[in-house]
Amino acid sequence: MTATITAFERSPDRGNGLARDMRLRWAFEEVGQPYDVRLMSFKAMKQPAHLAIQPFGQIPTYEDGDIALFESGAIVFHIAERHKGLLPDEANARARAIMWMFAALNTLEPPIFDRSLVRILERDKPWYEERLAALGEIIGKRLDGLSSHLGAADWLDRTFSAGDLLMVTVLRRLQGSGMLEERPNLAAYIARAEARPAYQRAFAAQLAVFTAAAG
Ligand code: GTB
């Protein structure tokens, strides 16, 4: 059976691959599994049928036979557990890959996502500059830790894993901020991931949705 995911019918990021369905699309491509996509309007995302699967009225979701999931990290993990290609077989290496999945979503993503929200929602507030600077400082420290760990390696723990996949989708939100350029090994890490054929296919698929909607 082919899994179905949900995605924005018209992504506010204009096909830049920043919406979180990109993580699922990329994971499916890495493990060589087909997937279907149900495109959703903002209105449909808040209707009972979708809320029954995603209680917060968001995308993405995943449905396959008798299982329905939300939370992009949980879904990537589910895909990675069911198919080879995103988690090592060796137990310790697998645990470390899962650790990096959590690091991406728990340690890096919160301040990076907050920064995006502040830039969109709080630009006219008196605290805007101060808040942005404070978040920039927190993010900088996290990036420094990540950059030191990565060093000259290609991936966070020897071979590409779901940890890298999630980390790169989180870091891409900082493109254009200057923070990645200040840490060239992180910029190169993202470029290396974006050059993967699976990434390219996933990116093209989500961009095609935006292009068709913009028509
Ligand atoms: N923790 C959840 C997960 O990882 O699945 C978060 C899901 C989530 O934030 N979904 C967003 C959503 O549905 C889309 S991805 N938002 C609509 C709503 O809450 O009503 C986040 C996102 C949105 C927009 C951009 N963008 O424009 O660049 C990027 C990412």
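This is a predicted model: local features need pLDDT of at least 70, side-chain atom pairs count only at pLDDT 80 or more; totals for chains, interfaces and linings use all residues.
Residues are numbered from 1 along each chain as its sequence is written, and side-chain values use heavy atoms, without hydrogens or water. Local features need pLDDT of at least 70 and side-chain atom pairs count only at pLDDT 80 or more, whereas totals for chains, interfaces and linings use all residues.

**View A. The residue shell around the ligand.** Of the 16 residues around the ligand (a heavy atom within 4 Å), those that come nearest are Arg20, Lys46, Ile59, Ser72 and Arg173. By class, this shell holds eight nonpolar, two polar and six charged residues.

View B. With polar contacts taken as pairs of N or O atoms within 3.5 Å, a polar side-chain atom of Arg20 lies 2.5 Å from a ligand oxygen atom, and a polar side-chain atom of Glu71 lies 2.8 Å from a ligand nitrogen atom. A polar backbone atom of Asp13 is 3.2 Å from an oxygen atom of the ligand. Taken alone, the ligand exposes 680 Å², of which the protein buries 79% (Shrake-Rupley method, 1.4 Å probe).

Notes: A polar contact is a pair of N or O atoms within 3.5 Å; within protein, one must be able to donate a hydrogen and the other to accept it, and residues adjacent in sequence count only if both atoms are side-chain atoms. Ala, Val, Leu, Ile, Met, Phe, Trp, Tyr, Cys and Pro count as nonpolar, Asp, Glu, Lys and Arg as charged, and the others, Gly among them, as polar.
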